[in-house]
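Please take a moment to look over the structure shown here before reading on. The paragraphs that follow lead through it step by step.

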Amino acid sequence: MFEVFLKEVKELLRDRKTLFFVIALPIVIFPVLFALLAFLASKTTLEAEQKVHTYYIANAELAPEFEERMFYHKSFKRYEGEERFESAQALKAAVRAGKIDVGVIIPNQFNSKQPLPEQFKWQVVFNDAQSINFVYKRLEKLIHQFAADLRSTTLENLGVPKEQQKALLNPILVKKVDTADKRENYGEKLGAFIPYMLIPLVLMGASYPAIDLGAGEKERGTLETLLLTPVTRTQLVLGKFITVLASSIACALVTVSSLAIWISIASGMGVLDSIKEAFSSVSIWDYLLIFALLLPVAVMLSSLVLAISIYARTFKEAQNYMGPLSMLVFVPIVVSLMPNMSLTSFTAWIPITNVSLAIKEIVKGTVDYGAVAMIFVASALLAGALLGCCIRWFSREAVLFR
């Protein structure tokens with residue numbers, strides 16, 4: 001078995017394409033890709049924050065104080081055109097045409113100089129289809145500040161002292177006391193995305209060598225020669241399986257190590273300090289536990305992709321099967337990202353979902369080790385069953401020589 005393993009490893013090391021996907025891609029491409037995405041996201045957000053919005057206020061003379069605040073605000077500039085927009089439909093057309101970014105309609109009955117007899121509804125017209133848009137939030141803040149000033153003036157006219165206005169308008173002030181520490185908060189938000197990255201990498205690290213060791217051997221005609229050697233078929237498939245498993249784990253380890261180095265470099269330059277502080281409490285034992293949880297997943301996926309590769313007639317056919325398999329692996333990971341999904345005695349038996357939830361709980365620092373033990377049992381049973389199916393698959397002549 002180990003002779004087969006050494007032989008397959010030597011052949012993989014000669015295959016530049018496999019080395020690229022297992023080592024070069026995780027070390028260079030992924031970190032650069034993530035950094036590029038982070039740069040583009042921060043640049044887009046910064047541009048949205050610095051954008052100056054053109055505004056138009058219908059009936060601005062009824063609230064001159066508010067119009068003055070808009071005029072002197074750094075994020076707004078007044079529409080200087082000759083055209084007038086006095087209705088909601090006209091403002092909608094102006095926004096669609098790009099003449100203005102936002103419009104405000106003040107009701108005709110409103111007058112900030114007189115006591116307000118009723119509650120008035122102001123309309124804000126803008127395009128809310130953009131994913132990053134600060135115009136409404138900024139305008140809403142200005143309107144609330146203007147409304148607070150009107151409310152304060154009205155209460156003073158009614159004889160309510162200024163120091164009692166807060167108690168009158170908001171008699172109970174609620175203060176949130178969060179029992180979760182920074183690690184738990186960050187773990188809940190970011191911990192779920194760690195398996196979203198690791199588990200597909202485990203699959204990717206297993207797929208490329210498995211395709212070559214099964215369908216590739218068939219296509220090259222070297223499988224028959226290998227079967228003539230004085231090695232049992234069980235030993236042959238186990239040797240190939242260990243090769244695929246080693247490649248799968250190596251891909252995940254290389255990627256995680258590479259990302260850790262790049263994150264450390266970014267933290268050293270003053271970036272991601274808060275995240276680094278939050279994850280500094282994650283101990284080496286936590287990382288070892290995460291790695292241990294990935295081992296049965298790697299066994300499951302390695303057995304599965306090797307069985308698919310043995311079944312496929314050609315290299316291309318095996319690649320076609322890997323696409324649907326990738327989608328099937330993503331489904332249980334996405335399930336773990338759903339709101340209120342937690343690690344329980346029930347979810348501990350759901351393949352891949354259980355590992356994803358456990359990794360999130362480990363990062364949060366709230367892991368239940370009893371549930372982790374159940375995960376190991378469930379994953380080990382499924383991994384053993386899949387490996388047994390792979391060995392039996394390899395022993396069938398009808399499959400080997402399709």
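In which sense do strand S1 (residues 53-58) and S3 pair, and over how many bridges? S1 and S3 pair in the parallel sense, over 4 bridges, where two strands count as paired if DSSP finds at least two bridges between them. This is a predicted model, in which local features need pLDDT of at least 70 and side-chain atom pairs count only at pLDDT 80 or more, while totals for chains, interfaces and linings use all residues. Residues are numbered from 1 along each chain as its sequence is written, and side-chain values use heavy atoms, with hydrogens and water left out.

The protein holds 16 helices and 4 strands, where helices (H or I, at least four residues) and strands (E, at least two) are DSSP runs numbered from the N terminus. Of its 402 residues, 41% count as buried, a word that stands for under 20% relative accessible area, with exposed over 50% and partly exposed in between (1.4 Å probe, protein chains only).

Towards S3, the bridge partner of Tyr56 is Gly103.

In S3 (residues 102-105), Val102 and Val104 point one way while Gly103 and Ile105 point the other way, and all are buried. S3 pairs with strand S4 (residues 123-126) in the antiparallel sense over 4 bridges, and Val102 stands opposite Phe126 in S4.

Turning to the helices, the axes of helix H7 (residues 182-190) and helix H14 (residues 353-364) come within 7 Å and cross at roughly 155 degrees, the axes being lines fitted to C-alpha atoms over the stretch in contact, with angles running from 0 to 180 degrees between N-to-C directions. H7 is therefore roughly antiparallel to H14, a term for angles over 145 degrees. The contact (heavy atoms within 4.5 Å) is made by Arg183, Glu184, Gly187 and Glu188 of H7 and by Lys360, Ile362, Val363 and Lys364 of H14.

Terms used: Parallel < 35°, antiparallel > 145°, perpendicular 65-115°, else oblique.
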